[in-house]
Amino acid sequence: MAAPTLQQPSFLLANLKADTSTKPLLHRCQDLVKIIDDYPAKELHAIFPWLVETVFGSLDGIIAGWNLRLLHSRSNEYNIVLEFLKPSGPMMKLVYKLQAEEYKYEIPVNYLPGPVKACIQEGVLPDCPLFHNKLQFPLSGLLTLNLALNPFEFFMFNFAYCLITPKSYPQGQQGSSTDSAYFVLVDTYLKYFLPSEGSVPPSPFSDSRGSVTAPSPRSSSVSFAGYGVHSPSLLKHHIFHQPSVNADPAAQEIWRSETLLQMFVEIWLHHYSLEMYQKLQSPQEPFSPTEEHVLVVRLLVKHLHAFSNSLKPEQLSSSPSAHSHTHTSPLEEFKRVVVQRFVQQKLYLFLQNCFGHWPLDASFRAVLETWLSYIQPWRYTGEKTNPQQDQNRTVPDKWELFVQENLLMYTKLFQVFLNRAVRTDLVNAKNALMVFRVAKVFAQPNLAEMIQKGEQLFLEPEHVLHHRQPRGYLTPSQGGSYVSSKQRVVTDMVFRVKSHVYALEGQDCQYKQMFGTELRGAVMKLIQIIAQARQTAKRISDHSSVATANNSFMSWFGMGSSDLNNTFNGAEAEESGECLKKTHEFLDRALENLCQIFKLNQGQLTQLISNLGSSQDDGNCKQLPDCIQGENGLILTDLGRKQIISGLRRFDIRYQGDPELQPIRSYENALLVRLLYRISSLLNDRFGGHMNALCSRQDFLGRLGRHYLADPNSTTQLKQSPLSRRTLERNRQPRLSLRPLASYRTILLLLIFYVLGAVLSFGPVSSTLLILGGGFLLGLVMTLFGDKLKKH
């Protein structure tokens with residue numbers, strides 16, 4: 001096909017904008033491919049910001065773009081978008097084409113994460129080197145500061161920001177699926193630019209200048225003398241200080257990997273600062289991540305572990321001296337430091353905020369699994385293991401260094417999770433599963449011992465370090481090495497742990513031991529709540545079994561409970577029999593794992609649970625939540641609220657209005673319900689006095705009348721929930737109820753009886769008389785022997 005005639009940039013942009021509303025996405029992408037191939041960078045430079053906004057949406061969320069977060073594999077446009085945006089696709093080719101010419105594109109500082117924006121507005125250089133030497137100072141003032149980014153940075157900024165841009169989704173749709181185009185693209189970019197095997201593929205575009213140029217060098221000095229000091233630039237010794245940029249093509253291209261990761265971490269994680277927690281104050285506009293956001297962060301964590309764990313063993317253990325004589329590729333050096341230097345602190349604050357502010361519901365599972373993924377890097381080594389063996393596999397000793405350098409990720413976040421768990425409804429199977437998951441992870445053989453050792457190292461007295469302070473220090477993860485002396489090795493380990501804790505919590509932090517007395521008491525409290533939740537789940541399960549038995553086959557013939565209140569007992573889907581069995585199983589295993597982690601005495605635990613069970617059986621199950629008598633009825637106390645949240649006690653929630661006016665059920669015919677209600681209302685109004693007189697008699701006829709006409713709960717003490725005193729007791733008049741005839745079950749039974757009558761040569765009238773006679777005889781039997789049957 002002939003190439004299009006080259007147009008001026010303004011006309012080209014106008015035509016592309018016009019095509020947006022007239023052409024389908026496939027045709028627009030085909031046109032863009034031709035334009036990217038045929039037009040020079042000067043013309044493409046003018047359309048690039050518009051194209052990025054068209055794809056990812058505007059930063060303020062007004063323009064939705066291609067809605068990558070809502071685009072799923074079922075959509076016809078899904079594959080078109082992935083093909084256009086893949087790392088070697090047309091869009092990235094455009095980025096490299098513009099990168100070769102060193103164009104810049106502006107991003108308002110106001111769209112940066114809160115801590116970064118605050119630093120810039122206060123005139124302080126941000127920690128992340130990604131934002132260094134990029135500020136543009138306009139004449140209008142400080143509030144309109146912009147960042148000048150190169151094409152690759154601009155593209156990745158908009159791609160990353162797309163995840164946190166507030167969007168209004170169509171009703172019934174939400175962007176939390178892991179098969180969306182956005183989620184798949186994140187995974188694709190991570191695998192391409194941070195490969196576990198091989199090196200980063202070179203840029204597919206090259207011009208007369210030879211190749212795409214890396215960003216300008218960043219200059220900074222590095223010092224590791226103090227606690228928690230991180231290197232502003234990870235790869236400066238390999239990229240920016242090379243004698244010749246073209247001498248090592250891998251070094252020239254690694255900047256894309258560093259830029260992509262820094263952009264993801266800054267945009268997705270850097271919304272909370274250490275100062276915010278130290279001063280115990282929240283930002284003016286607190287950032288609340290969505291479940292979709294957390295799922296993408298978990299994908300990032302899992303990939304970074306796999307990326308870091310793909311480091312060759314000889315590179316992992318190399319010393320600085322050996323390192324200086326043997327060639328280590330920039331990518332291998334990047335793998336060595338990527339998790340600690342890039343992710344650790346920002347992820348810690350991100351998770352800490354989520355633990356403290358996330359709702360107490362099952363959606364917290366996404367946050368929980370992100371945390372558990374980070375603290376189990378041994379799961380992402382690429383080794384294929386049997387799932388059954390993996391559950392009880394001992395954590396290898398080589399991960400002791402990781403545990404020490406991430407001690408707070410284990411201990412502090414476990415304590416915060418403990419505070420959540422005691423406030424969560426553990427009768428709910430999904431919440432019980434989360435407690436079980438945490439206990440199972442920490443119960444892995446050798447892990448608790450590693451954490452205990454890390455805590456002991458942190459509690460070593462400060463004077464151990466004094467002889468190390470005057471000299472510059474490099475930890476093994478930063479390229480240093482262990483000295484042969486045992487004392488030096490211990491000192492190195494102490495310094496490493498203290499550096500980590502002080503970097504994340506500040507020099508004046510008050511550390512609480514995970515295996516200390518205070519936390520052990522909190523664990524015992526959790527164990528009590530777990531035991532109580534087990535008893536509650538068992539009680540509800542037993543009650544459900546009894547109710548199911550009462551509504552068995554005999555209830556089809558009217559011998560079961562006819563009270564429609566059974567559907568208003570407050571039971572949720574999570575409280576079904578199967579879910580309650582899972583709850584019991586999860587909590588049982590969680591108790592076992594907690595005993596294993598904290599070395600609790602099994603005998604004492606059994607006695608505690610048995611005592612708790614007997615005390616609940618003695619009457620707690622029949623007690624209301626703790627209340628006080630108010631002017632208008634019962635009022636819940638704080639203790640009563642905790643009892644309800646923990647599932648220890650609950651109100652017996654029942655429908656307390658006119659049973660005839662209950663909502664129409666799915667098993668009832670709506671037309672018949674309304675028709676039979678009118679008929680029964682007319683009969684009750686006409687013969688109400690006679691019915692009342694009949695039911696007032698104390699002889700057999702009175703008992704028979706009450707069986708057919710009186711409400712079985714005619715005098716109900718409604719003290720199961722906070723009610724007005726005026727409604728504590730309600731006396732209902734005898735009345736005829738025809739509503740059971742509107743049930744599809746009843747209609748089916750009548751149809752079966754009439755068909756059976758026709759087979760036996762009974763006419764409709766005869767069959768009707770037989771049915772009425774049978775019903776009357778059944779009533780006689782129930783009146784005579786009803787009390788005995790109920791006891792049985």
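**Entry 1: F598**

I began with the neighbours of F598, which touches F414, M514, F515, R520 and V523 when residues up to four places away in sequence are not counted; contact here means heavy atoms within 4.5 Å. I noted that this is a predicted model, in which local features need pLDDT of at least 70, side-chain atom pairs count only at pLDDT 80 or more, and totals for chains, interfaces and linings use all residues. Residues are numbered from 1 along each chain as its sequence is written, and side-chain values use heavy atoms, with hydrogens and water left out.

I placed F598 in helix 23 (residues 577-598). Helices (H or I, at least four residues) and strands (E, at least two) are DSSP runs, numbered from the N terminus.

Is F598 buried or exposed? F598 is buried because its relative accessible area is 4%; buried means under 20%, exposed over 50%, and partly exposed in between (1.4 Å probe, protein chains only).

**Entry 2: the chain**

I recorded 29 helices and seven strands. Of the 792 residues, 46% count as buried. Among contacts with a separation of 6 or more, 78% join residues 24 or more positions apart. The chain exposes about 40,600 Å², and carbon and sulfur atoms supply 56% of that area; accessible areas come from the Shrake-Rupley method with a 1.4 Å probe, and for residues only the protein chains shown count as cover.

**Entry 3: a nonpolar patch**

I then listed a nonpolar surface patch formed by L748, L751, I752, F753, V755, L756, V759, L760, F762 and L770, with about 950 Å² of accessible area together. Patch residues have over 30% relative accessible area and no salt bridge, and nonpolar side chains (Val, Leu, Ile, Met, Phe, Trp, Tyr) are joined within 5 Å. A salt bridge is a side-chain nitrogen of Lys or Arg within 4 Å of a carboxyl oxygen of Asp or Glu. Helix 28 (residues 744-759) gives the largest share of the patch, seven residues. V759 lies in helix 28 and is exposed, because its relative accessible area is 63%.

**Entry 4: cavities**

I found five cavities of 30 Å³ or more; a cavity is a set of points on a 1 Å grid over the protein atoms alone where a 1.4 Å probe fits but cannot get out.

Key:
Patches are made of residues with over 30% relative accessible area and no salt bridge: like charges are joined within 9 Å, nonpolar side chains (Val, Leu, Ile, Met, Phe, Trp, Tyr) within 5 Å. On a 1 Å grid over the protein atoms alone, a cavity is a set of points where a 1.4 Å probe fits but cannot get out, and a pocket is an open set with protein on both sides within 12 Å along at least five of seven lines; lining residues have an atom within 4 Å of a point. Grid points are joined across faces, edges and corners, and a volume is the space filled by probe spheres set on the points.
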